[in-house]
Amino acid sequence: MASFGYSGKILRVDLSSGSISSISTADYADSFLGGRGIATKIYWDEVRPDVSAFDADNRLIFMTGPLTGFTGLAGSRWGIVGKSPATTPEYFNYCNLGGSWGAHLKFAGYEGIIVQGTSEKPVYLEIHDEKAHIKDASHLWGMGAIAVRKKLKDELGKSVRVAAIGPAGENLVSLAIVLADDGASGSSGLGAVMGAKKLKAIAVKG
């Protein structure tokens with residue numbers, strides 16, 4: 001389904017097992033509008049109501065929409081969904097970001113990323129032209145999000161786009177943000193969910 005603004009694939013990464021696979025966007029796109037609708041449907045189908053924000057079974061879903069990366073409109077919006085620790089009781093939550101990270105995820109061949117499970121050690125994801133790898137992030141742990149972005153650009157190339165967390169996310173601060181290129185920031189405490197999963201950053205390049 002590489003048409004109608006979609007690349008056709010959604011990446012699935014299980015940090016507990018280290019497995020990487022993909023699902024078809026076409027399974028959702030006809031019935032659920034845009035990235036927010038698709039991500040919400042996936043979450044609804046896959047996560048039980050009793051799963052907590054920091055549980056390995058919680059999903060953290062990064063998703064673009066059909067206009068993301070469309071040059072005619074300079075589409076740049078993308079979002080993150082998941083159960084958040086920022087509310088009591090914990091609720092499903094959402095944040096919306098701009099900048100260029102979402103467009104580069106689309107250029108790399110994916111609508112979005114479903115992150116599940118929990119890594120035993122700090123890791124980051126590298127996604128480049130439909131290939132994805134889970135990499136060690138021990139050297140990044142403890143660094144601020146801006147410093148992580150600079151370090152990964154030094155390692156992977158200046159054109160890579162990075163979404164990362166800082167020490168607040170690592171330490172499960174309930175309001176921790178996700179910070180991406182061009183000053184894009186996502187709230188709702190989903191940075192703490194990244195930290196619980198030991199996911200320091202996602203670097204994309206298309």
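**Chatting through strands, sheets and rings**

Q: Which residue stands opposite Ile114 in S6?
A: That's Arg12, which stands opposite Ile114 in strand S6. Keep in mind that the model here is a predicted one.

Q: OK, and how many bridges join S1 to S6?
A: Five bridges join strand S1, residues 9-14, to S6, and the two strands run parallel.

Q: What about S3 and S6, parallel or antiparallel?
A: Antiparallel: strand S3, which covers residues 60-64, is joined to S6 by four bridges.

Q: Is S6 mostly covered or mostly open?
A: Mostly covered. Strand S6 spans residues 112-116, and five of its five residues are buried.

Q: Which way do the residues of S6 point?
A: Gly112, Ile114 and Gln116 point one way from S6, while Ile113 and Val115 point the other way, and all are buried.

Q: New topic. In what order do the strands of the six-stranded open sheet come?
A: The order is S8-S7-S12-S9-S10-S11, and the pairing in this open sheet is mixed.

Q: Why is one side of S8 and of S11 left without a neighbour in the sheet?
A: Strand S8 (131-136) and strand S11 (184-186) stand at the edges, and each has a single partner strand, so one side of each has no neighbour in the sheet.

Q: How many degrees does the twist average from one strand to the next?
A: From one strand to the next, the twist averages 15 degrees.

Q: How do S9 and S10 pair up?
A: Strand S9 (residues 161-164) pairs with strand S10 (residues 178-180) in the antiparallel sense, over two bridges. If you want to find the pairing on screen, look for Ala164, whose bridge partner in S10 is Leu179.

Q: Which strands does helix H4 lie across?
A: Helix H4, residues 145-156, lies across strand S7 (123-128), S9, S10 and strand S12 (199-205). Relative to S12, helix H4 runs at about 45 degrees.

Q: Let's do rings. How many aromatic pairs does a search of the whole structure find?
A: Three aromatic pairs. One of them is Tyr43 with Phe92, a tilted pair at 5.0 Å centre to centre with 55 degrees between the planes.

Q: Where in the chain are those two?
A: In distant parts of the chain: Tyr43 is in helix H2 (residues 34-46) and Phe92 is in strand S5 (residues 91-97), 49 residues apart.

Q: Are Trp78 and Trp101 buried or exposed?
A: Buried: Trp78 has a relative accessible area of 2%, and Trp101 comes in at 0% relative accessibility.

Q: Last one: which ring does the charged end of Arg36 sit over?
A: The ring of Tyr94, at 3.9 Å from its centre. Elsewhere, Lys200 lies over the face of Trp141, 5.7 Å from the ring centre.

Technical notes. Residues numbered from 1 in each chain as written. Predicted model: local features only at pLDDT ≥ 70, side-chain atom pairs only at ≥ 80, totals over all residues. Heavy atoms only, no water. Pairing = 2+ DSSP bridges. Axes fitted to C-alpha atoms, helices over the stretch in contact; angles between N-to-C directions. Contact = heavy atoms within 4.5 Å. Phe/Tyr/Trp six-rings, centres within 6.5 Å; stacked < 30°, edge-to-face > 60°. Buried < 20%, exposed > 50% of the residue type's maximum accessible area, 1.4 Å probe, protein only. Lys NZ or Arg CZ within 6 Å of the ring centre and 35° of its normal.
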